[in-house]
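The sequence and structure come next.

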Amino acid sequence: MKTKTFSKAMSEINETYVAEAISYQRGRQKPVWVKITAAACVLCVVCAGLLFFSKKEPGGSRKLPMLTVTNALSDGAGFGGLMAFDISELVNGNPWREETSPATLPVYKRMPSRNERGFYLEDGDQEKKKALLLDTAERLGLDTQELKIERENYGYDEDPATMLTAKSRGIAISVDAEMNARIEFEPAVSLPKGYRFTTYASYEETMKTAEYLKKAYKDLIHMEDPQVNIYGGDYTYDLRQAYQIGFYEGSGSQEQDLIHYNFNQIQFCGNDEGKLCIIWINRPDLSEKVGDYPIITKEEAAKLLEKGNYVTSVPEEMPGMEYVAKAELEYVAAGSSEHAMPYYCFYVEVPSMKEDSGLKTYGLYYVPAVERKYISNMPLWDGSFN
């Protein structure tokens with residue numbers, strides 16, 4: 001309830017009762033019990049309002065729960081670093097812009113949750129998984145009435161999560177516990193002549209292919225204003241540069257675009273022959289929002305980075321601020337973390353990992369973007385490999 005709403009509610013109380021509760025008309029004094037009852041009514045309304053406001057943060061926002069930062073960003077997924085000759089080669093379609101960065105961003109509870117070993121503690125919503133599978137099949141032009149949907153586990157005794165699967169006309173669709181749909185084509189789909197769709201196609205070739213896919217699969221992409229996300233640009237040790245193709249909805253505010261970019265992308269994968277083999281659709285359950293949290297600036301995050309208040313899967317301490325190449329705001333949802341929350345990702349050159357070829361390694365160091373007072377355990381790097 002906003003202040004003006006509360007005031008309006010107070011103004012609608014019959015003024016007669018208010019007057020009787022705080023005073024009396026000369027010569028027409030009411031019985032004591034009437035005045036006490038009326039006063040009690042007014043006092044209850046006032047106390048209820050004060051109690052409501054006491055549960056809010058200064059400025060009128062509701063009190064926000066404390067957040068816990070996980071020390072295992074990737075839960076054993078490997079080293080968080082990219083190789084390039086220059087930071088300008090590492091690209092993506094992140095819509096975040098420092099000059100227009102949102103003052104607040106939502107934090108979501110992850111569903112389903114996982115333990116520290118990465119195993120699910122619960123299964124996803126079966127009805128939601130089925131709905132995503134059927135919607136995906138329909139947008140691919142498949143007859144959903146003919147689909148035989150099966151439920152499969154992940155093959156781990158400790159993992160209760162399952163996925164729903166269905167096959168039709170050489171297309172296999174599966175939806176996992178976190179609402180990620182995988183579409184696999186067997187055989188892989190050839191693109192028209194003139195398109196090169198391999199992992200190691202150039203940026204220009206990849207962009208050309210992305211524009212083709214946006215038109216060819218517009219029903220599947222199903223976005224009002226699909227934004228192309230060409231991401232990657234990092235090199236392998238044999239000096240081959242790789243790019244990937246994704247799309248996200250870009251028809252809203254920067255905050256909305258950030259949510260779509262981080263959570264609701266559709267990604268296309270080509271094989272070594274340049275044929276479309278897999279499409280990923282990410283639709284995580286964001287129905288349980290913890291709250292909208294104040295976000296610190298990039299400069300404030302840089303100060304925390306310098307103090308060691310970061311998490312990383314780089315096996316070396318952040319080498320120094322002079323090696324910071326760039327920073328972006330993005331969401332991170334580590335394997336065992338309870339929440340999906342925003343971080344500043346700093347790309348930092350690690351000088352000890354520079355190759356003889358001139359390739360530099362840019363390690364990824366993450367600083368919580370939420371104001372410090374809402375972090376229950378602000379991280380401090382201790383030399384361990386997270």
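Over which residues does pLDDT stay under 50? That stretch is residues 1–56, for which the model has 35 contacts beyond four places in sequence. Here pLDDT is the predictor's confidence in each residue, from 0 to 100, and contact means heavy atoms within 4.5 Å.

## Model and conventions

This is a predicted model, in which local features need pLDDT of at least 70 and side-chain atom pairs count only at pLDDT 80 or more, while totals for chains, interfaces and linings use all residues. Residues are numbered from 1 along each chain as its sequence is written, and side-chain values use heavy atoms, with hydrogens and water left out.

The chain has a mean pLDDT of 85, with 81% of its residues at 70 or more.

## Overall make-up

Eight helices and 15 strands make up the list of elements in the chain; these are DSSP runs numbered from the N terminus (helices H or I, at least four residues; strands E, at least two). Of contacts between residues at least 6 apart in sequence, 66% join residues at least 24 apart.

The chain has 386 residues, and 45% of them count as buried (buried is under 20% relative accessible area, exposed over 50%, partly exposed in between; 1.4 Å probe, protein chains only).

## The largest pocket

Pockets and cavities are found on a 1 Å grid over the protein atoms alone: a cavity is a set of points where a 1.4 Å probe fits but cannot get out, a pocket is an open set with protein on both sides within 12 Å along at least five of seven lines, and lining residues have an atom within 4 Å of a point. Grid points are joined across faces, edges and corners, and a volume is the space filled by probe spheres set on the points.

The largest pocket holds about 1,700 Å³ of space. Its lining has 44 residues, with Asn 262, Glu 330, Tyr 331, Val 332 and Ala 333 nearest the centre. Elements giving two or more residues include helix 7 (254–263) and strand 14 (339–349), but strand 13 gives the most, with five. By class the lining has 22 nonpolar, twelve polar and ten charged residues (Ala, Val, Leu, Ile, Met, Phe, Trp, Tyr, Cys and Pro are nonpolar; Asp, Glu, Lys and Arg charged; the others, Gly among them, polar).

## The cavity and His 339

One cavity of 30 Å³ or more is found in the whole structure. The largest cavity has a volume of about 40 Å³, and its eleven lining residues include Thr 70, Ser 337, His 339, Met 341 and Tyr 343, the closest to its centre. Strand 14 supplies the largest share, three residues.

His 339 belongs to strand 14 and counts as buried because its relative accessible area is 10%. Among its contacts beyond four places in sequence are Leu 67, Val 107, Val 290 and Val 332.

## Backbone features

Two peptide bonds are cis: Met 111 to Pro 112, with omega about -5 degrees, and Glu 186 to Pro 187, with omega near 5 degrees. Pro 112 lies in the loop between strand 2 and helix 4 (126–139), whereas Pro 187 is in strand 6 (residues 180–189).

Arg 169, although not a glycine, has a positive phi of about 50 degrees. Arg 169 sits in the loop between strand 4 (162–168) and strand 5 (171–175), and is exposed at 64% relative accessibility.
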